[in-house]
Amino acid sequence: MRARYLQLSRRGFIASAVAATALPPAMVAPLSAAESGPSLGAIAASKGLLFGASFSTAELDQPYGPDYARIYRDDARVLTAELELKMLILRPAADTLDFSGADRLMAFARENGQGVRGHTLIWNDNNPDWINRLGPGEVEYLLETHIETVMERYPDIRSWDVVNEPIGPWDQLPGNLRKGAFLTALGESYIARSFEVARRVDPTAELVLNEAQTESADENGQTFRDSFLALVRRLKDRGAPIDTIGLQCHIDTKRPYDFPRFAAFLAEIADMGYRLAITELDVNDRALSSDIKARDREVAAIYRDFLGAVLPIDAIKTLTLWQMADHTSWIYYDDVRENPGRKRRPRPLPYDSKFQKKPAWFAIAEALEAMPARLK
Ligand code: G3I
């Protein structure tokens, strides 16, 4: 590790040299992953796996913005837009399109040679209120034009969550499908239609069906696995152009898990001919020890056990976390909103709130080192 710090002082040296020659910093190549020590992205890439995390441009404007940017430059080869490409953000009003956040995220990725995952085109949640006032024909038109407009603006995005979270057992609808404007207007066919439009717009992009809550070894997880697998089979039978199945993998320590059993579920999907992506991995540590050191060790062990169980599946080609630093996690933000005065805060991710590596970072690195290389 000492070598790494020596390298970093070398980075400092370069920066001062740049200042002396008045070259714009961008013209000084950043230290390569090899020079600055093995990053998570570099270790994953050595095995043929694409590694990254969700990214929020709003975090760049925080006082810690430069540190936030640094860990992504260091570790992430691909960024998932956490907010900027959602319909709620892109279409605040029926006659308004706001690409400012997405354009900014794309610019950051371009500057740093990173890919972007487009999350998400069609979702029966987190939509602006105005779409609930549309008639079926207007919703169908919105679905098609939204997919066309957004994908055509960002041809550099090579992977899209075309449909997010189609399952919602709480709505008690046939197939346990999640209620929402698109289901109400088009029935289940909104899903296949979304993929057909996306394939027409960009025949070479990776088209992903992304789902949550399939992971746990309880009734909820079983319901999601059964419902989602049945949906995937129906979509395959109708020839929906889906390339990859995304499993979000928000691990919640309040639930029980059997990671080998979840891996068998993934293998069953892979056997249908789909690529797989772990799309939103994080560990909600709310049921773990209050002692920070102990909790960090327990979270690291969960990352180790989960990744050790799933990464041997060759169909998994992408692994993305849901943020990388504890205080930028949705779990942290939700905790602050729901428990403003609480001292204990979630620690779900590989970097702490000072952007220092935690045991989870090393557990992820070790799991990536140990995984078998992808066959193609
Ligand atoms: O930025 C505003 C802030 O200015 C305002 O004061 C605050 C008031 O509540 O809201 C803030 O925006 C919030 C935003 O996150 C940034 O924190 C939104 O209310 C909140 O709805 C939004 O939540 C996001 C959620 O998706 C809905 O878009 C979470 O950050 C994001 O992590 C979460 O991500 C989802 C995936 O898209 C799908 N899978 C599950 C995952 C976690 O829920």
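View 1. Thr120 is found in strand 3. The model shown here and in the other views is predicted. The peptide bond leading from His119 to Thr120 is cis, and its omega is near -5°. Most peptide bonds are trans. His119 is also listed among the closest residues to the ligand. Strand 3 spans residues 115-123 and supplies at least two residues of the shell around the ligand.

**View 2. The shell around the ligand.** The ligand is surrounded by 14 residues. Glu82, Lys86, His119, Glu165 and Glu280 are the closest of these. By residue type, the shell divides into four nonpolar, five polar and five charged residues. Two elements, strand 3 (115-123) and helix 12 (330-338), each supply at least two residues of this shell.

View 3. Lys86 places a polar side-chain atom 2.6 Å from an oxygen atom of the ligand. In the side chain of Asn126, an N or O atom is 3.0 Å from an oxygen atom of the ligand.

**View 4. Asn126 and its backbone.** Asn126 lies in the loop between strand 3 and helix 6, the latter spanning residues 136-153. Its phi is positive, about 60°, although Asn126 is not a glycine. Most residues other than glycine have a negative phi. Asn126 counts as partly exposed because its relative accessibility is 31%, which falls between the limits of 20% and 50%. The side chain of Asn126 has an N or O atom 3.0 Å from an oxygen atom of the ligand.

**View 5. Phe355 and its backbone.** Phe355 is found in the loop between helix 12 and helix 13 (359-370). Phi of Phe355 is near 60°, a positive value in a residue that is not glycine. Is Phe355 buried or exposed? Phe355 counts as buried, since its relative accessibility is 3% and the cut-off for buried is under 20%.

**View 6. A nonpolar patch on the surface.** Leu83, Leu88 and Ile89 form this patch, and together they have about 220 Å² of accessible area. Leu88 is found in helix 4, which comprises residues 87-90. With a relative accessible area of 34%, Leu88 is partly exposed.

**View 7. Lys317 in strand 9.** Lys317 has its place in strand 9, made up of residues 316-321. The residue is buried, with a relative accessible area of 10%. A polar atom of the Lys317 side chain lies 2.9 Å from the backbone oxygen of Asp314.

View 8. Ala325 is placed in the loop between strand 9 and helix 12. Its relative accessible area is 1%, and Ala325 is therefore buried, the limit being under 20%. Which separation do the C-alpha atoms of Ala325 and Lys357 have? These C-alpha atoms are separated by 9.0 Å, while the two residues are 32 residues apart along the chain.

Notes:
Residues are numbered from 1 along each chain as its sequence is written. This is a predicted model: local features need pLDDT of at least 70, side-chain atom pairs count only at pLDDT 80 or more; totals for chains, interfaces and linings use all residues. Side-chain values use heavy atoms; hydrogens and water are left out. A residue is near a molecule or strand if one of its heavy atoms lies within 4 Å of it. A polar contact is a pair of N or O atoms within 3.5 Å; within protein, one must be able to donate a hydrogen and the other to accept it, and residues adjacent in sequence count only if both atoms are side-chain atoms. Helices (H or I, at least four residues) and strands (E, at least two) are DSSP runs, numbered from the N terminus. Ala, Val, Leu, Ile, Met, Phe, Trp, Tyr, Cys and Pro count as nonpolar, Asp, Glu, Lys and Arg as charged, and the others, Gly among them, as polar. Patches are made of residues with over 30% relative accessible area and no salt bridge: like charges are joined within 9 Å, nonpolar side chains (Val, Leu, Ile, Met, Phe, Trp, Tyr) within 5 Å. Accessible areas come from the Shrake-Rupley method with a 1.4 Å probe; for residues, only the protein chains shown count as cover. A salt bridge is a side-chain nitrogen of Lys or Arg within 4 Å of a carboxyl oxygen of Asp or Glu. Buried means under 20% relative accessible area, exposed over 50%, partly exposed in between (1.4 Å probe, protein chains only).
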